[in-house]
Amino acid sequence: MEKVRALAHKVSNWGRWGTDDERGTVNFITPEGVRRGAACVKRGRVFSLGLTFGAEGPQIGQGGRVNPLHLMSAVAGAIGPDPDGFRYADDVIIMPLQCATQWDSLAHVHYGGLLYNGFPAATITPAGAARNAIDKVGNGIVARGVLLDLARDAGVDRLLPGHVITPDQLEAAERKQKVRADSGDVLLIRTGHLSVFKNDGDRVLYMRQMPGLGIGCVEWLHAREVAAVATDTSAVEVIPFEDPATPLPVHLLCIRDMGLTLGEMFDLDELAADCATDGVWEFFFSAPPLKVTGGVGSPLNPLAVK
């Protein structure tokens with residue numbers, strides 16, 4: 001934690017948008033940035049970046065996270081006495097908010113008894129998060145999106161678990177793809193690791209070991225002022241951890257100190273294949289969270305439009 005605390009002073013955005021701010025780096029998305037994203041739409045091609053929410057999802061029960069339970073509350077509900085009249089179907093779903101493609105809210109992790117922007121961690125209760133909850137960004141994460149395909153750039157189907165992504169690798173991908181992540185952009189990073197779940201069917205390996213961002217990327221992300229970062233892994237950062245004594249340091253620094261929204265389990269394969277074909281690695285990106293009052297995460301169906 002000594003390294004985390006030292007870096008925290010360098011990347012902290014506490015107070016940057018006022019003492020009451022609960023949105024963090026999403027504030028970098030300006031109306032001009034939204035228009036810049038919309039200007040990326042040339043062909044009208046839409047890509048869904050979300051996994052399906054169902055019993056066959058990636059969860060293995062770790063930390064209490066399970067795959068969704070979908071139940072029908074009505075199959076042939078009737079309104080009126082006519083046996084051939086109006087009928088309806090209704091359903092319910094029971095699931096953790098972070099069981100598949102999702103955003104972490106800024107209340108998701110903390111240390112030292114404090115959340116992003118100095119709010120007490122005690123504001124999270126069994127009733128939910130009174131501060132930094134996911135509904136605070138309910139007006140959407142809509143911006144220019146940039147995809148860096150690190151697996152393709154490395155000439156492999158997937159980066160190996162434990163592969164530490166560095167700022168040099170991110171910048172090398174930018175140069176190769178002729179694109180740059182700038183202030184207010186949403187940065188998507190493809191490692192290919194999702195194929196461990198999608199193609200191999202190995203939930204355990206997918207969830208427990210993965211390539212990902214190293215702690216060295218935190219200052220780079222802070223300098224670039226990206227609005228959000230998402231990957232095709234379940235943790236964004238590398239596992240096994242660079243320092244076994246300090247679990248998930250990128251989460252701590254990005255969410256708690258920088259106020260950077262993180263997205264996990266994005267399906268980037270189809271989008272990446274299209275980008276490789278037309279050489280265009282930017283697009284209009286839209287991924288508004290559900291406005292769950294007090295929620296510390298939200299399921300998503302993110303869209304990229306080219």
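Predicted model: local features only at pLDDT ≥ 70, side-chain atom pairs only at ≥ 80, totals over all residues.

User: In what order do the strands of the open sheet stand, and what is the pairing?

Analyst: The open sheet is made of nine strands in the order 1-15-13-7-9-11-12-4-14, with mixed pairing. From one strand to the next, the twist averages 25°.

User: Which strands stand at the edges?

Analyst: Strand 1 and strand 14 (297–299) do; each has a single partner strand, so one side of each lacks a neighbour in the sheet.

User: In what sense do strand 13 and strand 15 pair, and what lies across them?

Analyst: Strand 13 (residues 282–286) pairs with strand 15 (residues 303–305) in the antiparallel sense, over three bridges. Within strand 15, Val305 stands opposite Phe284. Helix 9 lies across strand 13 and strand 15, and also across strand 1, strand 7 and strand 9 (186–190). The helix runs at about 75° to strand 7.

User: How is a pair of aromatic rings described?

Analyst: Two quantities are used: the distance of the centres and the angle of the planes. The structure holds four aromatic pairs. One of them joins Trp103 and Phe266, with 5.5 Å centre to centre and 55° between the planes, a tilted arrangement.

User: Where in the chain do Trp103 and Phe266 lie, and are they buried or exposed?

Analyst: Trp103 belongs to strand 4 (residues 102–104), whereas Phe266 sits in the loop between strand 12 (261–264) and helix 9 (269–278). The pair links distant parts of the chain, 163 residues apart. Both Trp103 and Phe266 are buried. Ring pairs also bring in Phe285, giving a cluster of Trp103, Phe266 and Phe285.

User: How is the pair of Phe197 and Tyr206 arranged?

Analyst: Phe197 and Tyr206 form a tilted pair, 6.0 Å centre to centre with 35° between the planes. Phe197 is buried at a relative accessible area of 13%, and Tyr206 is buried at 0%.

User: Which charged residue lies over the face of Tyr111?

Analyst: Arg256 does, at 3.7 Å from the ring centre.

User: How many salt bridges does a search of the whole structure find, and which partners does Glu22 have?

Analyst: The search finds 25 salt bridges. Glu22 meets Arg131 at 3.1 Å, N to O. Glu22 lies in the loop between helix 1 (2–11) and helix 2 (31–38), and Arg131 in the loop between strand 6 (128–129) and strand 7 (142–149), so this pair ties together parts 109 residues apart in sequence. Glu22 also forms a salt bridge with Lys136, with the closest N and O atoms 3.6 Å apart. Glu22 counts as buried at 12% relative accessibility, whereas Arg131 is partly exposed at 27% and Lys136 is partly exposed at 28%.

User: What does the salt bridge of Arg45 and Asp274 tie together?

Analyst: Their closest N and O atoms are 3.5 Å apart. Arg45 lies in the loop between helix 2 and strand 1 (46–48) and Asp274 in helix 9, so the pair ties together parts 229 residues apart in sequence. Arg45 is partly exposed at 32% relative accessibility, while Asp274 is buried at 11%. Shared partners join Arg43, Arg45, Glu270, Asp274, Asp278 and Lys306 into one salt-bridge network.

Definitions and conventions: Residues numbered from 1 in each chain as written. Heavy atoms only, no water. Phe/Tyr/Trp six-rings, centres within 6.5 Å; stacked < 30°, edge-to-face > 60°. Helix = DSSP H or I, 4+ residues; strand = E, 2+ residues; numbered from the N terminus. Buried < 20%, exposed > 50% of the residue type's maximum accessible area, 1.4 Å probe, protein only. Lys NZ or Arg CZ within 6 Å of the ring centre and 35° of its normal. Salt bridge = Lys/Arg side-chain N within 4 Å of Asp/Glu carboxyl O. Pairing = 2+ DSSP bridges. Axes fitted to C-alpha atoms, helices over the stretch in contact; angles between N-to-C directions. Contact = heavy atoms within 4.5 Å.
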